[in-house]
Amino acid sequence: MIWEVFRQERRGQPFEHAGSVVAPDAEFAEAWAREQYGRRGESVGLWLVPRDAIHDVEDWADEFDLKYRRVDGYSIKARLKEARERAATARAR
Amino acid sequence: MVAAVEIPRDEQAFLAYVQSGGQVEATDWMPDDYRAKLVKFIEMHGNSELMGVLPEREWILRAPTLQRKLALTAKVQDEVGHAQLIYRVVEDLGKPREQCLADLVDGRSKFHNVFHYPTKTWGDVGVIAWLVDAAAIISQKALLRCSYAPYARIMKKICWEESFHILHGRDVILAMVTGTPAQFELVQEALNRWWGPLMQFHGNPIPKDDDPMYVWRIKSQGNEEARQQFLEGYVPQIWELGLTVPDPKLRRSDDGVWEYTEPDWDELKHVVTGHGPKTEERLAFRRRFLDQEQWVRDALEAA
Amino acid sequence: MNAQLLLGLADDELVIGWRDSEWTGIAPMLEEDVAFSSIAQNEIGHARAVYELLTDDADTLAFDRPPDEYRCAPLVELHLLDWAHTIARRWLYEVADEIRITALMADVPVAAKINREEAYHRMHAEMWRVRLRGEPRFQEAVRELWPYALGVLEPGQRAELAARVGLDEVEAVERGTHDDSFTALHEEMTIVRRSAPAGAQW
């Protein structure tokens, strides 16, 4: 059985995919993943997941402009400059 | 935000894709030739990590202090761990580990030249950990940019783990070159024997655009480029310890290129095709235990 | 603090670490090669920690005695380069060692550290024992090594071992003699060290 290994480097960090081990059951998978991904004390946690249990998502529709949902959809420099200039002019009067 | 890149199902387009830095995953379409070259290349790497273990095994048992015993055990352990990671990548490309190991012990696949040679003294332990590992790490760093992403990813872990090997090797060497005259001689003598294989290690100076591995961006560096990097990095380190390199022609020219006696490329070919001094003995040793312990693997297969 | 007892413990760990290292490169699967290396490193580390209770220079104690001055139990010396016997030894040794180490914890602070690290060894040995318990060659190996396993412990601790292993106590192969293979082991273990004068740096 192939087990995907996710490891956590420090408490509070996300679990990240680190690789895979082949093992007949969870016990052997644990023993062998501990070795491969933790023998130097480089991980504080591991998640072992049978590859078959992983639900793969790879397709995305990207038809219309979705920039309004993201930071890069907004460019405020020009308008901010104009607003500041107007306010400065108004103060001067 | 760009949509998931669709890898073009056309060899020319795929070539353009990888040559412009495109990354390929295990489940992507890939040309048959790319897959075949990848498997062969990566498998040879796995074989090399594994075959590198046997020459060093003897010296774990003979290590002269507890600290050296621990360090050498850990270094060799890393190499087996690397073989494990590497064969896993090959397996996901379609060739099971059992098949790789069978091909290895039956002489149908290759491993790097340096692991076909004997180790004779503790001096070899230092030279291997310092210089052979250094030569390997130069190639491995270049592989961080491999077009095949699963391999590039494990190379990150491998390079990180190898960093202590070279330091350990240098420490072993330094202890001997500052020890007794006999210990200094052990290092020099080992270096004299290992220099030839080290110069051959990166392969003959085929221009990179003629090297299919480079064309497919499996390798991102030509053989001569790697060798020059090795010489540039390590010859000064060798000389500063008062050691000599057994090549009277070795020198750094004014434009920074290292000149050296042309290695014997026939010897390299002869060795990697299974005719090294220790090839048969080491493969037979592995084969013996592979056969002897088949029942253990069978016991794990059984539910 | 019984120095002879501690020397026996340290020598056991040194020698079983050496025997476990013989599997380097040839274990049934690469994963076990890596696991055995970790176990061997731990054992060498334990040997060193206990030698350091007895001397300033652990290396001298570890390497520079003649073979007949080592206090290791014959179990750890046996040359067992087949998996059934190797795992049988690992398991029997770990069960015995747990009894021994936990008994020392009250008087010897480092014993608690050793005990905590050994938890992994026990998990590993138990995992294999469960997997192989139906294999005749494994059962045979356990029976063969049983008298040797008893010899790891002081007589007063052997009943406990018998209870945990599930076998009746028999006559033990005692410490004090060495297996024939031990001289060869010691020879190889010290060959590099003996090539330089005493006190040479490595």
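Start by selecting strand E1 of chain A, residues 2-8: six bridges join it to E3(A), and the two run antiparallel. Strands here are DSSP runs of E, at least two residues long, and helices are runs of H or I of at least four residues, both numbered from the N terminus. Two strands count as paired if DSSP finds at least two bridges between them.

Before going on, a word on the model: it is predicted, with local features needing pLDDT of at least 70 and side-chain atom pairs counting only at pLDDT 80 or more, while totals for chains, interfaces and linings use all residues. Residues are numbered from 1 along each chain as its sequence is written, and chains are lettered from A and ligands numbered from 1 in the order in which they are written.

Next, pick A:Phe6 and show A:Trp47 with it: the latter is its bridge partner in E3(A).

Now bring in the whole sheet. The order is E2-E1-E3 in chain A, an open sheet of three strands with antiparallel pairing. Colour E2 (16-22) and E3 (45-50) of chain A: these are the edge strands, each with a single partner, so one side of each has no neighbour in the sheet.

Switch to a cartoon of all of chain A. Two helices and three strands show up, running β-β-α-β-α from the N terminus.

Finally, zoom out. The C-alpha trace of chain A spans about 80 × 35 × 15 Å along its principal axes. Chain A has a radius of gyration of 25 Å, whereas a compact globule of 93 residues would be near 12 Å (taken over C-alpha atoms; the globule rule is 2.2 Å times the number of residues to the power 0.38).
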